[in-house]
Amino acid sequence: MTSLAFTLNGKAVELDVDPSTPLLWVIRDELAMTGTKFGCGMGLCGACTVHLNGNPIRSCSFPVQGAVGQAITTIEGLVDEQGGLHPVQEAWIEHNVPQCGYCQSGQIMSAVALLESNPQPSDADIDAAMSGNICRCGTYSKIRAAIHAAAAGVQHYDPQANKAEVAS
Amino acid sequence: MSIRRRRFIQGSAAVGGSLVLGVNLTGCGPTPLPHAASADLQPNAFLQLSPDGQITLQLHKSEMGQGTYTGMATMAAEELNMPPSMLHIEQAQFHPDFIDPDFYVMLTGGSSSIRTSFEPLRKAAASLAYLLRSAAAEQAGVDIATVMLRDGNVYIGDLEVKPASLIDRARQQELPEEVPLKAARDYRFIGKHNARLDARAKVTGQADFGLDAQYPGALSAVLVRCPHFGGSLKSFDASAALASPGVEQVLEVDGAVAVLAGNYWQARQAANKISVEWNKGPLAGVSSRALRAQRHELAKTEEGKQVEEVGEASAAVGERFEAFYDVPLLAHATMEPMNALAVASDDGIEIWSGMQGVQLALDAVERATGIERSRIRLHNHFLGGGFGRRIQNDYVVEAARIAQLSGKPVRLVWSREDDTRHDFYRPDATALMAATIDGDSISSMQIKAVAPSIFGQFLPLMTRSLLPRWLPSGIHDGIGDMAAGSDPSASEGLIHTPYNFAYKRSNYVMQDVSAPLGYWRSVGHSQNAFFMEGFIDELAHQTNKNPLDFRLANMDPESRHFAVLSKAAELADWGNPPAGQYQGLAVHESFGSVVAEVVNVSADGGRIRVHKVTCVVDCGQVINPDIVVGQMQSGINFGLTAALKGEITLEDGAVQQSNFHDYQLLRINESPEIDVHILPSTNPPSGVGEPGTPPVAPALANAIFAATGQRLRELPLRLS
């Protein structure tokens with residue numbers, strides 16, 4: 001056991017843990033923060049995606065020692081101190097993206113990182129940035145639409161425009 | 001008495017893979033209502049009004065993505081005349097009033113939740129509304145007709161009354177025999193409300209899945225299971241594991257080895273250090289390849305059981321045309337691996353997990369632990385995907401047993417590898433499809449489906465929940481054997497088809513060697529729609545007809561199939577795909593709904609690319625339109641995964657795949673544009689969670705034929 005220190009969602013964290021432990025299990029089991037999900041343990045599905053200094057990483061296969069001295073952001077860290085949601089989260093709600101919802105923390109972390117580096121992504125950009133995140137419910141159409149909406153600015157988004165109507 | 005209790009199988013009248021059983025539940029006294037608090041107004045099991053004014057809805061179906069959380073709230077809120085978001089929603093514990101009329105147990109599956117709750121849930125809400133209106137009318141000395149509920153308050157004319165102030169008086173009111181329900185024209189929310197009530201929790205990481213349940217001091221547990229189905233533990237050496245960091249205990253649990261440690265990582269690392277010897281059991285030497293060959297042989301040599309015959313065999317004139325179709329085993333691959341948190345104490349056992357079958361889990365834990373059910377408490381959670389997997393409760397029982405035997409609070413977490421290798425799989429199946437072609441028309445279709453039986457494996461589990469516990473277990477197994485030869489899910493989608501050929505016959509041959517089987521999104525329809533609609537397409541080409549025209553010419557022009565298929569063809573601009581793309585279509589009815597899909601595909605350089613899927617659905621009365629759209633998109637992507645990728649194979653009775661590199665799921669870059677249209681309907685609601693899945697594999701295979709001339713009759717689709 002070694003004492004490790006890093007920043008988690010803007011707060012200093014210090015804990016004794018085997019440095020080879022994947023960051024995911026430090027977050028979930030040692031810190032009891034459950035928004036970050038376990039899906040595959042091999043970096044194949046993206047459910048565990050968090051940010052390391054703003055860049056998306058797969059925390060299930062990222063040893064916690066790599067986080068030492070760095071800034072980690074999880075889904076919980078996207079919400080501001082007043083409880084306000086990130087524009088990507090708002091867009092996700094407007095588009096009814098989540099179904100079972102289990103993969104969506106990871107999807108949103110990947111989407112937030114994408115928009116940080118590319119504020120106006122094309123469909124091809126979205127495919128490239130999001131293809132590491134599996135959604136078994138297949139919410140991909142709505143993920144694409146929500147990313148475009150977030151890019152356009154959620155405040156300009158008309159939720160009625162994309163809502164289904166029963167029509168002949 | 002015991003003899004008469006055997007007479008409960010009502011034959012094969014099951015709809016949509018559901019189990020149709022008639023049971024005589026024992027005459028125990030009434031079960032206390034859920035959430036029982038003496039100060040609450042509790043007119044029924046579904047709804048409670050608390051003195052603080054909160055109306056609580058007991059969510060008696062599991063939310064696994066299909067939207068039932070929002071749908072149930074929408075239906076209840078409609079009769080309470082308040083926005084669905086005003087309801088407080090609780091995951092329900094078991095209660096007899098929550099038993100599904102299709103399954104005879106409390107269970108979420110078969111796309112039945114909205115359909116079977118539409119009447120009872122609205123009546124439950126209307127009853128609460130009536131009691132409040134009646135109490136207010138009595139209190140004010142006015143006619144009940146002048147009292148209404150709106151947005152959480154009771155109004156007598158303009159006078160606003162808080163519902164909570166009426167609780168005592170409402171208890172004294174009598175309900176009329178038939179509580180009136182709103183007319184469809186008066187709906188404020190049904191058919192209109194779109195916002196998912198669980199969305200905020202699910203985009204902020206706050207949604208509470210089984211894996212997220214917390215208990216002070218809980219250890220993480222992993223279980224090392226025999227990789228060979230039906231095999232057993234010969235011996236193990238845990239000395240290295242016990243020396244591994246963080247490990248608290250290693251113990252044998254019902255033929256597997258459990259490792260308990262401070263966190264999951266420690267438990268998993270230690271488990272990797274255990275050396276184990278297994279007896280391979282009854283499937284030693286069995287491979288998927290051999291099972292497939294056996295099914296082909298059975299199709300040629302066995303008649304099996306005839307499950308449908310329409311018309312006279314003598315009408316089957318002309319030249320015989322036949323083809324074999326095949327599908328493999330499939331895993332569910334929910335994103336949340338199986339897990340459960342269990343705490344055993346002198347008071348009994350308490351378990352937190354995501355379950356589709358709360359009642360089955362309750363009974364299974366009782367049987368496995370010997371702890372009486374009144375001392376077992378199960379807490380359901382959001383499910384990180386279900387698709388039928390969480391109807392089974394093996395993971396709940398495992399956690400219960402580890403907690404019981406170790407005496408420690410434990411969170412059992414399956415790895416992805418565990419999840420892939422220890423699933424209850426969609427059966428591997430074969431169909432020998434045959435038709436007689438008389439000139440340019442089809443005179444008959446004769447089908448022989450060969451598959452192992454989910455029903456035969458699952459029924460004994462069901463009957464243990466349904467029948468008195470003192471019945472010996474041999475009876476349950478006997479029931480399974482009895483039912484197996486007529487598994488309704490093996491033939492669903494092959495019978496009652498819309499095609500009116502002069503003679504139709506469908507037989508089922510049971511294969512009796514099998515991996516563990518389960519209900520996988522759309523169940524038998526998942527393979528049978530591929531068999532049927534692929535073969536229908538072949539028949540169109542055999543008779544030189546356009547696949548759309550051929551289908552329409554052979555079905556009733558007044559049918560829902562005709563309307564749905566016609567609309568899909570129109571919206572997809574059938575026959576005029578963009579340059580370089582080719583189209584295929586399919587129509588299929590499942591779970592009471594009819595869905596048609598047109599797939600646009602290209603196959604440049606041998607690479608299949610799905611560009612667009614146009615989907616039209618008739619699912620009766622719609623509750624939440626955008627959730628229906630989402631379910632169709634979801635079902636299509638699920639079906640595309642099976643069509644393009646999914647394949648579980650056995651070697652030596654063990655699954656060869658392990659994780660998402662060798663059991664791949666569709667990703668966003670492979671997911672097509674999906675255009676969904678809902679046909680308006682005044683029929684009662686029918687299924688939505690599953691019916692989008694069956695048509696897409698055949699529509700895609702048919703499009704690939706159009707693009708390449710290759711007729712692919714086996715999933716996953718592979719160009720030669």
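1. Before anything else, a working term: a polar contact here is a pair of N or O atoms within 3.5 Å, where, within protein, one must be able to donate a hydrogen and the other to accept it. By that rule the side chains of K504(B) and T497(B) are joined, at 3.3 Å. Bear in mind throughout that you're looking at a predicted model.

2. Staying with K504(B): this lysine sits in strand β20 of chain B, which covers residues 503–510. Is K504(B) buried or exposed? The lysine counts as buried because its relative accessibility is 10%, and the cut-off for that label is under 20%. A polar atom of its side chain also lies 2.6 Å from the backbone oxygen of Y499(B).

3. Who else is around K504(B)? If you skip neighbours within four places in sequence, K504(B) touches E308(B), E309(B), V310(B), M445(B), T497(B) and Y499(B). There's a C-alpha separation worth a look too: K504(B) and Q446(B) are 58 residues apart along the chain, yet their C-alpha atoms are separated by 5.8 Å.

4. On to N624(B), which you'll find in the loop between β23 (609–618) and α18 of chain B. This asparagine is buried, at 5% relative accessible area. A polar atom of its side chain lies 2.8 Å from the backbone oxygen of H193(B). Again leaving out neighbours within four places in sequence, N624(B) is in contact with T70(B), G71(B), T74(B), H193(B) and N194(B).

5. Now the interface. How many residues of each chain take part? On the chain B side 68 residues are in contact with 58 residues of chain A. Together the two chains bury about 5,100 Å², with 59% of that area on carbon and sulfur atoms. Three residues, V203(B), M335(B) and I668(B), supply 16% of what chain B buries against chain A, more than any other three residues.

6. For the polar side of that interface, the rule picks out 29 residue pairs in polar contact, both partners being at pLDDT 80 or more. Which elements of chain B give two or more residues to the side that touches chain A? They are α5 (199–203), α7 (264–271), β17 (410–413), α11 (416–421), α18 (625–644) and β26 (673–678). The largest share comes from α18(B), with ten residues. Sorted by type, the chain B side divides into 32 nonpolar, 23 polar and 13 charged residues.

7. As for salt bridges, the count between chain B and chain A is three.

8. Last, the aromatics. Over all chains, a search of the whole structure turns up 16 aromatic pairs. W25(A) and Y264(B) make a tilted one, 4.2 Å centre to centre with 35 degrees between the planes. That pair crosses between chains, running from helix α1 (residues 23–30) of chain A to helix α7 of chain B. Both partners are tucked away: W25(A) is buried at 3% relative accessible area, and Y264(B) is buried at 4%. Elsewhere, ring pairs link Y102(A), Y69(B), F209(B) and F382(B) into a cluster.

Notes: Residues numbered from 1 in each chain as written. Chains lettered and ligands numbered in written order. Predicted model: local features only at pLDDT ≥ 70, side-chain atom pairs only at ≥ 80, totals over all residues. Heavy atoms only, no water. Contact = heavy atoms within 4.5 Å. Buried area = accessible area lost by both parts, 1.4 Å probe. Salt bridge = Lys/Arg side-chain N within 4 Å of Asp/Glu carboxyl O. Helix = DSSP H or I, 4+ residues; strand = E, 2+ residues; numbered from the N terminus. Nonpolar A, V, L, I, M, F, W, Y, C, P; charged D, E, K, R; others polar. Phe/Tyr/Trp six-rings, centres within 6.5 Å; stacked < 30°, edge-to-face > 60°. Buried < 20%, exposed > 50% of the residue type's maximum accessible area, 1.4 Å probe, protein only.
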